[in-house]
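This briefing sets out selected features of the structure shown below, grouped by topic for reference.

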Amino acid sequence: MPQTFHRSTNTLSKLSIFGALFLVVGSLFAIAEINRSGYVTQAGIAREQPVPFSHQHHVGGMGLDCRYCHATVETSATAGVPPTKTCMNCHSQIWSQSPTLEPVRASFRTGVSIEWTRVHDLPDFAYFNHSAHVNKGVGCTTCHGPVDRMPLMWQYASLQMEWCLDCHRRPEKYVRPKEEVFSVSWQPPPDQLEQGRALVRAYGIQTRTSCSTCHR
Amino acid sequence: MSAGPDVPAVRVDLGGVRRRLDGAQGRTYWRSLEELARTPEFLEFLHREFPAQASELDDPRGRREFLTVMGASLALAGLVGCTKQPDEKIVPYVQPPEQAVPGRPLFYATAMLDRGYAKGILVESHLGRPTKIEGNPDHPASLGATDAAGQAWVLGLYDPDRSQTLAYRGEIRAWSDFLAAMRSALAVQKPRQGVGLRILTETITSPTLAAQLAEILGDLPSAKWHQWEPAGGASAAPQCRFDQADVILSLDADFVMDGPASLRYAREYTARRKRPAEEPMNRLYVVEPTPSATGMIADHRLPLRPSEIEGFARAVAAALGESAPPAGSSPAAAWAAAVAKDLQAHAGRSLVLAGHYQPPAVHALAQEINQRLGNVGQTVVYGPPVAARPVDGPASLAELAADMKAGRVEVLVILGSNPAYTAPADLAFAAAMDKVKLRVHLGLYEDETAALCHWHVPQAHPLEAWSDARAFDGTATIMQPLIAPLYESARSAHEVLAALTSRPDRKGHDIVKDFWRKELGADFDRRWPRALHDGVVAGWTVATATTPATATDTAGPGTAPSPPVAAVTPPATGGGLELVFRPDPYIGDGRYANLGWLQELPRPVTKLTWDNAALIAPATAARRGLANNDVVELRYRGRTVKAPVWTLPGQAEETVTVHLGYGRTRAGRVGNGAGFDASAIRTSDAPWAGSGLEAARTGETQVLASTQEHWSIDAEAGTRHIIRSVTVDEYAKEPEAIKEQTEIPPRDMTLYPNNTFAPHAWGMSIDLNSCVGCNACVVACVAENNIPVVGREQVAKGREMHWLRVDRYFSGNPEQAETIRAHFQPLPCMQCENAPCEQVCPVAATVHSDEGLNDQVYNRCIGTRYCSNNCPYKVRRFNFLLFQDWSTPTLKLQRNPDVSVRSRGVMEKCTYCVQRIEHARITAHNEGREIRDGEVQTACQSVCPTQAIVFGDINDPGSRVSRRKAQHRDYALLAELNTRPRTTYLAEVRNPNPELSASAAAEGSEHHG
Amino acid sequence: MVERPDGEPPVVHVPHPEMHALLAPGHNFATVTEKISSLVLQKGTPLWWFAGFGVSFAVMNLMLVSIAYLVFKGVGIWGENIPVGWAFDILNFVWWIGIGHAGTLISAILLLLRQEWRTSINRFAEAMTLFAVACAGVYPALHTGRPWLDYWLFPYPNTMGLWPNFRSPLIWDVFAVSTYATVSALFWFIGLIPDFATLRDRTTSRFAAHVYGMLAMGWRGSARHWHNYDTAYLLLAGLATPLVISVHTVVSFDFAVGIIPGWHATIFPPYFVAGAIYAGFAMVLTLAIPLRKLYGLEDFITTRHLENMGKVMLATGLIVAYGYMMEVFAGWYSGNPYEAFMIKNRMLGPYQHFYWALIVCNVISPQFLWIKNVRTSTVGLFICAMFTNVGMWLERFVIVVTSLHRDFLPSSWGMYHPTFWDWSTYIGTIGLFFTLFFLFVRFMPVISIFEMRTIVPGAEVREETAS
Amino acid sequence: MTAKAAGPPPIWGLMAEFEGPTEVVEAARRAHDEGYRKVDAYTPYPIEELAEALGHHHSWLPLLVLLGGIAGCLAGYGLQYWSAVIAYPLNIGGRPIHSWPAFIVPTFETTILFAAGTAVLGMLALNGLPEPYHPVFNVPQFARASKDRFFLVIKSRDPKFDQDRTWSFLLSLGPRSVSEVDY
């Protein structure tokens, strides 16, 4: 009886069994990683805008308060993207001839809105409310990152559910004094956890992980 | 025997019914006679009721087909695109509007119209999109509630089938062209005093419109203004004060659901039934030919043929020592006597009222009786008419038709009315219109009349235009637009009328504002914004606006009762059936036929959707060998129409009731082809009832989609203690008896730790004694929660999506129609603490919140339907196909932005309006406080005219809901299953008259739980 | 013993007599091997195979079409509604899973019980099990509203931080059915290894030699291999036995854990398991009887095999009948109005004829198996088996649909009417089943060759040599 | 083909072919008594006596399977406890967070799954499978090892192995044939 297979097939076939196992496990792990990567979440990717608005310049440089433009952040679900009028308050005087600002002036002239590209885009079935967070000591930079160092805006956090849950489960890790909410320079103190717990008590923060908190 | 190809007719074996009822112990509830009779045909019928094939393949409604295809593509998109979201744009304002805060809705006060009368509403607006209508608490005709039609108004605004362009003979024209045409027409009429000009409107209470009409008729004295209100004018109705009335006799008046004052009346009437043990209850007698919500919840109800009602009224009057001849011939003399006695005993605190569809004679008798009892000024007020010029609609229309036939009409301007469809057949109105040289129509739709007119002007929806209107009690409301007209060629009646004046091109805003500037005089600038804000014009009474009542005004205020006109209700010519016309309870005279919300809303008593039917008493049907789904030919005064039969317990013997508003041909994609056109056999001399009807079987059958006929029911309901109803005496004797009807497992009898809920524990209490089954809550829920319309075929399959349904159980003996009662039970999600649905969900898509809500997470649901199978209340609804409309742009504008729009393949259900809870919570916490009791109102609660539904925090013993649940008549549905529902019911308590023990005995079964 | 004078075969001591009934006389290692392996290795394929395969394959494509349309339109193409949220999908799932019990049961339990008669039927019974489970698997996967999200049923670390609800019987199903499928497949494959070796050595085609060679993994029948092999096979049998019992128990939990009258019954697990074995053996007979005829395997699958299976059907059939009896009794004895009505509704309600047909198929028809003539006649057995196949389907219909369509609140009672797509999907899975089965009988030994060798006369080592 | 004794090149072993089970078992015993230890036998179906005769008695497999089962049990219950109690505790239908009775079912299934997996992989591992190439396949007669022939092999690795002496020893066992097995 002649050999059907060559010697080498022994090693190959043995390898193939374990190889298959590694392949499966490996690919699953890879998928999990990709789903959390910036490629999917868009986190850390600066987005092109019709007007290259720089938070770095306006916030970091000139120290504008967040609420000057995002006026409804304390009262409404949405922080509010400023109307062209707000831009023109200053830019009718400053840089009033700058070509980069032409789209703004054009919008103001024609009454046609500027179409900004949305940077932070939650799914439609997740109901986030800015006022609820801002009024309970969750700072802007906690979720939006160091905007004062962002020439073009990018998404800071993954905005995935596990990320939301992290804070909803242990808010003391992130809350800050209300007066610091809009500060871009605030850094968590070394004893953040103690201070955090105190603030959670003071502000009556509930660790709400019920589904209907966000999904309705 | 008529057996259709697919649907067999069902024979009712009344013998069987009798036997079963004799055998039945205790109260028997049943929903369908076939079930009661247990005929084999019924079982057969159950099988083949809806021939099962892949009906989606040949779905008659093209839109649905298209949508489901859309759905599939979305689904596939879901398959591939499960990682990245597509880029979205943010489009901010250029100039920020005042007030508007993105993400926070605003409420504006205006009014909806019912037969021309105002019912105050508050419209919720998200960044300029009206999305939801609430009642205006400050308005006398609303008190914070709205009716079903009111809820659907916002859908009417966004109806994609609305007429969108101004057209002359079907070709698009500009507004200026229209004005030119009017100018030239007027040029002809002016010298001749407008002798050839006719204006046809519906009932008008708008002071501004009245003034405009007065101006025009002033300029053109020979021109004529005709009015036609197909659903029946309410001009003859007095103002009632049910809160003052201990004993009420309704002569065919469906006051809790029908009419400009129904919301207020329902509130006042049920207010006297909310604490049966503690406070004296009122007592209601109803005499009517066809079961209405009012009749079905009455303490005593006597079904009479239309021709007998006047006799009955006379009998009562006679018993009260009235001079009128004693009507011994009346079939219900004894009944009348007992009622009269009861009325007499409560003289000054009793109330007799006649329905809209009763002839003047009955109204007059009611007025006489009230005067005799000294009720006038106490429980009822006969004030000056509110309508600008009350007329006898049919007569007015007949006069116009005659003029047209005679060629006396050269210019006909029709404002908002649709006579080509609604006019009684004997007027041959459409044919007569041909004789008119210039026909102008203003309407929301390019309807049957528009098709016959030269000019069609798309009407601006009342939510798009400035106007005003008055409520049943005369209170005026300024109607302000919520949104600029969706279609720019749309105009309001004010603007079209202006075209007939010297100043043709005025904006509605100016017309209305100028009128009120005159009316409000000096401090206009203070009162105008106030009136807009409040929704009522404070301290204003009509002065000059209305033109004096004319001869055609029949049952005007205080006018002496005119003798019964034979023509109005001809005496029953023996043998034939009597025919009763009624506007449909939801789509009215057909004006709302294209609103899917209303088409799909189960009718209060029949639970029919998408169709009207010939309603016949079971015995009458049996005598004629008729059964459900038999198509009969109704022969009446030489005209015929084909109608499917629906046997209805409680219907007066030998009568047939047909509802108007169906059989539309140009209503739109939704309304076309639904039901049959009853006005095809309607005559102008007897618009509401007549005798000499023949019903001949055709052998055809037609399936009617009833949400509770195909959900058939039998006497089981009684043994399961679903509805609990006692008399006030029984309740006073042993209040505990209601709870003890079933055995409830004690809370500590469990292996599990009892969960505690903090800071709040939401709960609901529904008072069955207050619910009148009007279904307003269902539409409110649909509007609030973006619930899709599924269409007749899907309803027939048992796939309606209503989160909240109102179950209707009959009690009584179908043999004795006077014993028949309906019991209404609104059924939202019970929010069980031990929810059976949650445990079985494999992906934890339905779980409990920390405040005891039974959350349903649409985006987690994969649609195994296990939860629905395991729900003992069957309140869960599943998107079997793509029911939601993802394609029509205008419909998207209506959606509530705070509620996820569900797509195909997910389960959904009542959430206690969690979006409202969260909104209130965030508002409260932002203000640094806790949520106040009553701050969260569910959609069903806020719309309910009778406040049957109360929602709140059961952790707080002082909250309204806690106090309700503390009542002895509080009970939980299926509590024996230990599901611990958060929604509980207050049992029904009735207040029968011992005098009428005879019929009470017939109802006897009612008196043991 | 008698010394063997010349080359004639040794005199063999006769083991317990019925051994003969398990294998027709005159067979030896060679004949057994040749006969069975030739079914696979023969050139030319019989015509009936092409006919059967063609039909099955066509029907299977009907299923594929139905599935495509289902994914395209949604489960609404089926007749389900509220209240009847489950119908053909789940009842067919349970039906198939039930059928899929005989194989592992025969292989495992009968092996542990040392029932030698299993050897000639276990192979294709196991195959049938796998194919039935495959058909069953189609339903839970597709009955969901959003099948493309079914992977949420598995516990895996996800960005939502969410996990399945392990309290749900459906999750138990996921674990039970997937485990059952895996273990049955392993069991089946292990059993095949030595036979693959045989085919590898028998075949003349180089290609086949490579394919079977790979599958045989270099099996050469070394004593040490056989030693571990036997141990492993026995262990697997020991593991598969509780598994096969557990699977249908878990399936029955889908209903027993619910609160719906007609579902919420403690009797369910035992009588579901019994029902499964009942259905499984019925299907084995349904396949075995034609198969032995077509392939002329009467020598290997003898009357005694068939009769034994008939006996098993009779026994399990009686257990099932007892289950029905207890349901009725409980309905009455509980004094619970809902339970009482449920029974009444089954017997007299709109679906009554389903119930009575079920009684005829599952309770009356097996009684004929008391008669030996029926048990030993292929026709009689085949008819009984067909009745059982239908009856078990009806049982699931009664349990799923009739219980759901009228539960607690009469206001929400409804009816269920299967649509074209309900039927096409169901029939389609039958097509899938037979497609796989025809492929199996063509390319793999339908009877375990090496196990047949063990019952060939002369297979046992003569004890005398020991001394 | 009965090859005569030849010197090196070295071979893998010598193979004797027998008619039936009894003969090969007998031969195996004799070889064992003779002191040969690197002996293996090849049969078309399992023969218990053969294993004893060749002196391999117990197998590690049962122990492995037991360990596999325990691992599956712990993994299954651990996963459920962690996800339901620690990772995301939810109030589901008022049931306790740690609903251990419900967790039993999946635990049982994972136990079986792991144990069965171990049994199969363990068997393959202990048998050194897959091994498609093997010297014994070089012997033409060996094709019948999967049909109706029984073989005994004494490997050249055996310390007592001497091509000539072993050859004659095998012949003395009365086989149908004896052949060399090349590498």
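**Structural briefing**

In the nonpolar surface patch, helix α15(C) is the main contributor, giving three residues. The model is a predicted one.

**Nonpolar patch on chain C**

- The patch covers about 830 Å² and consists of Leu318(C), Val360(C), Ile364(C), Phe368(C), Trp370(C), Ile371(C), Val379(C), Ile383(C) and Phe387(C).
- Two elements of chain C supply two or more residues each to the patch, namely α13 (352-364) and α15 (378-405).
- Val360(C) is located in helix α13 of chain C, and its relative accessibility of 42% places Val360(C) in the partly exposed class.

**Overall form of chain C**

- Chain C contains 17 helices and zero strands.
- The radius of gyration of chain C is 24 Å, close to the 23 Å given by the globule rule for 467 residues, so chain C is as compact as a globular protein of that length.
- The C-alpha trace of chain C extends over about 90 × 55 × 45 Å along its principal axes.
- Buried residues account for 66% of the 467 residues of chain C.
- When contacts in chain C between residues at least 6 apart in sequence are considered, 82% connect residues at least 24 apart.
- Chain C has an accessible surface of about 15,400 Å², and carbon and sulfur atoms hold 74% of it.

**Interfaces of chain C**

- The size of an interface is often expressed as the accessible area lost when the parts come together.
- Between chain B and chain C, the buried area is about 5,800 Å², with 59% of it from carbon and sulfur atoms.
- On the chain B side, the residues that lose the most area to chain C are Arg720(B), Arg860(B) and Tyr866(B), which together make up 12% of what that side buries.
- This contact involves 73 residues of chain B and 69 residues of chain C.
- Three salt bridges are counted between chain B and chain C.
- Lys874(B) and Asp407(C) form a salt bridge in which the closest N and O atoms are 2.9 Å apart.
- Between chain C and chain A, about 920 Å² is buried, 68% of it on carbon and sulfur atoms.
- In that interface, 13 residues of chain C contact ten residues of chain A, and zero salt bridges are found between chain C and chain A.

**Salt bridges**

- Side chains of opposite charge can pair when their charged atoms come close.
- Over all chains, the count comes to 83 salt bridges.
- Glu202(B) pairs with Arg591(B), with the closest N and O atoms 2.9 Å apart.
- Glu202(B) is in the loop between β8 (197-201) and α7 (207-219) of chain B, and Arg591(B) is in the loop between β21 (577-583) and α20 (596-599) of chain B, so the pair ties together parts that are 389 residues apart in sequence.
- Glu202(B) is buried at 16% relative accessibility, whereas Arg591(B) is partly exposed at 31%.
- Asp246(B) and Arg272(B) form a salt bridge with a closest N to O distance of 2.7 Å.
- This pair links distant parts of the chain, 26 residues apart, with Asp246(B) in the loop between β10 (239-240) and β11 (247-251) of chain B and Arg272(B) in the loop between α8 (262-271) and β12 (283-288) of chain B.
- Asp246(B) is buried, with a relative accessible area of 16%, and Arg272(B) is buried at 15%.
- Arg990(B) and Glu988(B) meet through their side chains in a salt bridge of 3.4 Å, N to O, and both residues are buried.
- A network of salt bridges links Arg208(A), Asp850(B), Glu851(B), Glu918(B) and Arg921(B).

**Backbone features**

- The peptide bond between Ile82(C) and Pro83(C) is cis, with omega about 15°, and Pro83(C) is in the loop between α3 (47-73) and α4 (88-99) of chain C.
- A cis peptide bond also joins Leu129(D) and Pro130(D), with omega about -5°; Pro130(D) is in the loop between α4 (100-126) and β3 (150-155) of chain D.
- Ala428(B), although not a glycine, has a positive phi of about 45°.
- The loop between α14 (419-422) and α15 (429-433) of chain B holds Ala428(B), which is partly exposed at 34% relative accessibility.
- Lys607(B) has a positive phi of about 60° and is not a glycine.
- Lys607(B) is in the loop between α20 and β22 (608-609) of chain B, and is buried, with a relative accessible area of 1%.

How values were computed:
Residues are numbered from 1 along each chain as its sequence is written. Chains are lettered from A and ligands numbered from 1 in the order in which they are written. This is a predicted model: local features need pLDDT of at least 70, side-chain atom pairs count only at pLDDT 80 or more; totals for chains, interfaces and linings use all residues. Side-chain values use heavy atoms; hydrogens and water are left out. Patches are made of residues with over 30% relative accessible area and no salt bridge: like charges are joined within 9 Å, nonpolar side chains (Val, Leu, Ile, Met, Phe, Trp, Tyr) within 5 Å. Accessible areas come from the Shrake-Rupley method with a 1.4 Å probe; for residues, only the protein chains shown count as cover. A salt bridge is a side-chain nitrogen of Lys or Arg within 4 Å of a carboxyl oxygen of Asp or Glu. Helices (H or I, at least four residues) and strands (E, at least two) are DSSP runs, numbered from the N terminus. Buried means under 20% relative accessible area, exposed over 50%, partly exposed in between (1.4 Å probe, protein chains only). The radius of gyration is taken over C-alpha atoms; the globule rule is 2.2 Å times the number of residues to the power 0.38. Contact means heavy atoms within 4.5 Å. Buried area is the accessible area (1.4 Å probe) that two parts lose on being put together, summed over both.
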